[in-house]
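Please look at the sequence and the structure below before reading on.

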Amino acid sequence: MSSWLVGQQWPAAGLLGLWGLRLVYMRQRRLLMGTVCVMAVMASWLIFKNRQFTQISGELPQTVTLAMTVQPDQIRLKGGQYQLLATSAHGQLISYGRLTSAAEKQQLSQLTQRTRWQVVGELAPIGPPTNPGQFDGPSYYRSQGIYRQLTIKKVTALTLAPRTGWLGGLDWIHQVRQRFSLALERLPPTLQLYAKSLLVGLRPVNFRTQMTSVQQLGLMHLFSLSGLHVILLIKMLRWVLVRGHLSQTAIDYWLLGLLPVYLVLGGGADSLQRAVITAWLPLGWQLLTRQASGALAGWSLALLIGIWTNPLVLLQLGGQLSYGLALLLILAPPMSGWRLSGWVQLLSLPVILMATAQWHLLTLLVNLIVAPLFSWGLLPLTIIGASLGQYSLTIATWCEQGLALFQRGIDWVGTLPGLLTIGRPAPWLAWGLTLTTLWLLRTPTKRLAIRLGLAYFGLILSIRWPLRGAVQFIDIGQGDSILIRQPFNRQVSLIDTGGRLQFPTPAWQTGGPARARVETITVNYLHQLGLNHLDTVYLSHKDVDHIGDLGRLLQLIKVRQVVVPAGMAGLPKFKQLLAQARWQPQVREVIAGQRFADGLTAVHPFHPGRAENADSLVLTGRFGGQQFMFTGDLDQAGERAIVARYPMLRVDVLKLGHHGSKTASNYQALQQLQVRRAILSVGRHNRYGHPNQETLTTLAQQHIITYSTALQGMITYRFGGGRASTWQTFLKEGNFYQRTAGHTGPSAR
């Protein structure tokens, strides 16, 4: 996860400074000195961890032979690949490997003991995101104490590695978790999904697709092991232990021992860790001192421990919601459940927008209805089904029917109108909204409520109607995808969607289709911009790396028109993709000379074709004083034909044809167009060898400034708004990919 509310250091430092001034004003020397000491220790620890991360991030990949150990519940299988969370001499590693046979897949899936692996592989820092809002692997794994990844090339030995003593007890808990997970595989699908996520914190491969409506309606916190689950667990344990005629002290001791076990069984997520620590500390304090501790003191100590174990806990959505809402419940004045739920939703809204950019109007109502239903119906039904359903098909069927009925109801509610794409606020604005909401909670006034409403209105205006426009070359790997936005989003267009070739695989390698990059990158970014539609999608030609994700795009977001080169609309491949649309767009075939509302003009093809590379739709347009040309996979013959037909055409910025292949980028054409900047839309370490060295040499000879998505991630040109146009790259000089990419050439400056 990227830096969210507290990821901006200046507001965090400002709040810390205000806290220090308050301590000085209180004139309590012991409290001030104690706070300074705690801050010094925490600051030293965080500086050390940050330097460690920075040092490791600067390492180059290296081939290594090493031994590592893996717990059985830390093995994930998907299709023909496996993923391990392993411990080695290099610390914790996230490791990836390819399965060689169905027998190997079966063997790994049935492991129930700790194992030792002898492997050969490539050890490297975890690669960073290359587009705004993309999954931030380094931050996510850093929060788990993982700084490196290992790509396994060969497994030379795999043996059991049991331990004795208290470490053997820890291994036993992992074994129980894995055996329970394997036992759940025999249950019906919905019961299995709920049992894995609610009881042991596992996310099956199909979890995200099955829980789309749950996420949109703001119910995902119910399916993440956290404070609610710990509270229910404690209540259940107390109920059982009381009926065992144990004393209150004995019950507390039992809880002290069982809560850490549940932390391991639940997977040790930050939200669960916070809940367990928050519940465990008051019990321990009371047993030691015979005095009850304050809720705020317990929360504060839990936060310090959480930051110590995971310095990024407050930079993640789970940590922000977990600690923030827990603090709200502690500080909020007495109020009804309806009002409290409303305040919870309002306070969490800026954090949710920073993470998802969307909010559903039915979220408050659904949470009020589902929260008690979850505690008194869904969770007990899941526990009964997971425990007794393995021995009774009738019980498993009843529980499955109840959970499936609830899931269908949630899915139906998710189809109702009300999902708002608001956009991702600037961090400083999210801070302001959160603090204003807290202020309103403590001193509710009509004037402050109006100010908060106006702030949200201003937020929507600033995000959805920006003063500046942009041309953005999205890094979607080996393929093309270019987003063009006019100032105030008057017109929003996308040139190509990207896509990946799908190769036939054996049946045993099936594990669900991988999520399309247009979903995880492009549509996700559009939502951050507050966009829920595209005016025009241009498709340059029929190759998969240019149009393969069109079907998924049309399922996720409304597109008003699709523009294709003449002759492409009748192709079966295109019709199949178009048929997947949730909202059917208008289809328009074009040839050279046709103009569009977003300022683009087609300069190729000259006549209908078969949507091959040579028939690519080529577009040109002027943005902020710069003339752009987008060429698809047009070859050199096509480039020469364009400059012959348009001898006066000049281009400041050229999206190079065919990803820098030697089949494009004709020397004379580039010279006549007087190209000043060139964009390479190319995948890292691609199998085609793009860009070709001949093309790089041509660019260098003509002193053309070159940008590459493989080296610099998303490339952005901003214009308008009464300001000078600017170029930005998402990855900066010296980033991981620039140090490891397989090609070099003239770089942007």
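Is the crossing of α15 and α16 left-handed or right-handed? The crossing of these helices is left-handed, a term used when the near helix is turned anticlockwise from the far one by less than a right angle, with right-handed used if the turn is clockwise. The model is predicted: local features need pLDDT of at least 70, side-chain atom pairs count only at pLDDT 80 or more, and totals for chains, interfaces and linings use all residues. Residues are numbered from 1 along each chain as its sequence is written, and side-chain values use heavy atoms, with hydrogens and water left out.

Helix α15 comprises residues 363-388 and helix α16 residues 393-415; their axes come within 9 Å and cross at roughly 155 degrees. Helices (H or I, at least four residues) and strands (E, at least two) are DSSP runs, numbered from the N terminus. Axes are lines fitted to C-alpha atoms, for helices over the stretch in contact, and angles run from 0 to 180 degrees between N-to-C directions. The crossing angle is why α15 and α16 are roughly antiparallel to each other; angles over 145 degrees count as such, those under 35 as roughly parallel, 65 to 115 as roughly perpendicular and the rest as oblique. In the contact (heavy atoms within 4.5 Å), α15 contributes V366, V370, L373, L378, L381, T382, I384, G385 and L388, while α16 contributes I395, C399, G402, L403, F406, I410 and V413. By class, this contact has 13 nonpolar, three polar and no charged residues. Here Ala, Val, Leu, Ile, Met, Phe, Trp, Tyr, Cys and Pro count as nonpolar, Asp, Glu, Lys and Arg as charged, and the others, Gly among them, as polar.

Helix α16 also packs with helix α6 (residues 189-199), at an angle of about 80 degrees and with the axes 8 Å apart. This angle makes α6 roughly perpendicular to α16. P189, T190, L191 and Y194 of α6 meet residues of α16 including A396, E400 and Q407. The contact of α6 with α16 divides into eight nonpolar, two polar and one charged residues.

A further pair is formed by helix α10 (residues 248-265) and helix α11 (residues 270-289), whose axes come within 10 Å and cross at roughly 155 degrees. These two helices are therefore roughly antiparallel to each other, and the crossing of α10 and α11 is left-handed.

The structure holds two cavities of 30 Å³ or more. On a 1 Å grid over the protein atoms alone, a cavity is a set of points where a 1.4 Å probe fits but cannot get out, and lining residues have an atom within 4 Å of a point. About 70 Å³ of space lies in the largest cavity, a volume being the space filled by probe spheres set on the points, which are joined across faces, edges and corners. Its lining includes M629, T631, E639 and L673. Both α23 (636-645) and α24 (667-673) supply at least two residues of that lining.

Most residues other than glycine have a negative phi, and most peptide bonds are trans. A cis peptide bond joins H604 and P605, with omega about 5 degrees; P605 lies in the loop between β14 (600-604) and β15 (618-623). The bond from H690 to P691 is also cis, with omega near -5 degrees. D496, although not a glycine, has a positive phi of about 70 degrees.

Methods
1 Å grid on protein atoms, 1.4 Å probe; cavity = no way out; pocket = protein on both sides within 12 Å on 5 of 7 lines; lining within 4 Å.
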